[in-house]
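This report covers the ligand site of one protein model and the pocket around it.

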Amino acid sequence: MDNTAAIQENATLRLIDQRSSTRRFADGVEVSATQREAVLHAATRAPSAGAMMMYSIIDVREQATRDRLAVLCDNQPMIAQAPWALVFVVDYCKWIDLFEHVGCFDEDYVARTGRQPRRTPGLGEFAIAAQDAVIAAQNAVIAAEAVGLGSCYIGDIVENAEAVRDLLDLPEHTVPLSMLILGVPAKERPATPHPTVNLVMPERYRRADAATLDAQVAEMDAMFRPHAKTAGERVLDIYERKHTSDFMAEMGRSMELWLKNW
Ligand SMILES: Cc1cc2nc3c(=O)[nH]c(=O)nc-3n(C[C@H](O)[C@H](O)[C@H](O)COP(=O)(O)O)c2cc1C
């Protein structure tokens with residue numbers, strides 16, 4: 001049976017298609033308790049490796065905390081203007097605590113089972129726990145949209161590791177990988193165009209040839225630099241504003257500290 005029409009009209013797919021990041025929030029409009037619950041519940045319903053829930057969600061309600069985060073996250077005032085923020089923390093501390101709690105590190109357990117005495121998490125745990133955290137965040141994004149809220153990721157939460165760690169009391173084996181700001185949008189915005197050239201690769205990785213790169217450049221210039229005078233203005237813009245930026249250098253420095261904390 002051809003269900004094309006049903007797919008095209010599907011409410012979930014429409015919601016995903018029409019979402020855009022919200023960077024301005026309606027003044028004085030709070031997020032209701034029902035909206036908060038729905039968003040947080042949806043986050044907890046995200047797939048999680050082994051259902052181990054290797055993340056924690058820091059629910060930031062205090063204005064003073066958002067004010068400080070606005071500065072620490074590369075000076076983005078919208079973080080202070082948003083009525084709500086959620087920090088998705090990659091968290092293996094809770095499992096180390098659980099292992100300790102049930103006696104996995106006790107001498108008699110080690111003697112009885114022959115297991116290694118104590119192992120701290122490695123990059124393997126980081127890989128799956130990071131996915132847990134980000135997938136939960138994205139469930140929150142979609143749920144927010146469904147209950148009339150807008151949201152925006154703040155990648156700069158991984159900057160300034162020392163100050164963010166102190167502000168949020170983050171212990172070892174945690175990394176605050178994702179942050180969302182949420183609230184009722186000041187106004188509805190159309191969906192942002194997303195480039196798709198050189199994205200889906202049938203069966204194997206296929207490194208772009210010159211013709212594909214030209215197509216990719218043309219697609220991006222048409223979307224983001226519609227008045228571009230020379231080809232590649234969008235790529236140059238990304239190179240200058242992001243790839244070689246001060247904030248990216250700080251992100252790299254800070255992320256190295258977070259990984260040492262892991
Ligand atoms: C990992 C990640 C980090 C982001 N960090 C920021 C940020 O710090 N500030 C910001 O204004 N937008 C941030 N964004 C939002 C993106 O810029 C936005 O998703 C992109 O421009 C596409 O627009 P759309 O979300 O409206 O489709 C981030 C998005 C992601 C996925």
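This is a predicted model: local features need pLDDT of at least 70, side-chain atom pairs count only at pLDDT 80 or more; totals for chains, interfaces and linings use all residues.

In the class counts below, Ala, Val, Leu, Ile, Met, Phe, Trp, Tyr, Cys and Pro count as nonpolar, Asp, Glu, Lys and Arg as charged, and the others, Gly among them, as polar. Residues are numbered from 1 along each chain as its sequence is written, and side-chain values use heavy atoms, with hydrogens and water left out.

The table gives polar contacts, meaning pairs of N or O atoms within 3.5 Å.

| Residue atom | Ligand atom | Distance |
|---|---|---|
| Ser21, polar side-chain atom | oxygen | 2.5 Å |
| Asp156, side-chain N or O | oxygen | 2.7 Å |
| Gly155, backbone N or O | nitrogen | 2.9 Å |

Taken alone, the ligand exposes 620 Å², of which the protein buries 63% (Shrake-Rupley method, 1.4 Å probe).

The ligand takes the space of the largest pocket, with more than half of its atoms within 2 Å of the grid points. A pocket here is an open set of points on a 1 Å grid over the protein atoms alone, where a 1.4 Å probe fits, with protein on both sides within 12 Å along at least five of seven lines; lining residues have an atom within 4 Å of a point. The largest pocket holds about 780 Å³ of space, a volume filled by probe spheres set on the points. Its lining has 26 residues, and Ser21, Arg23, Cys152, Tyr153 and Lys242 are the closest to its centre. By class, this lining has 12 nonpolar, 6 polar and 8 charged residues.

Notes. A polar contact is a pair of N or O atoms within 3.5 Å; within protein, one must be able to donate a hydrogen and the other to accept it, and residues adjacent in sequence count only if both atoms are side-chain atoms.
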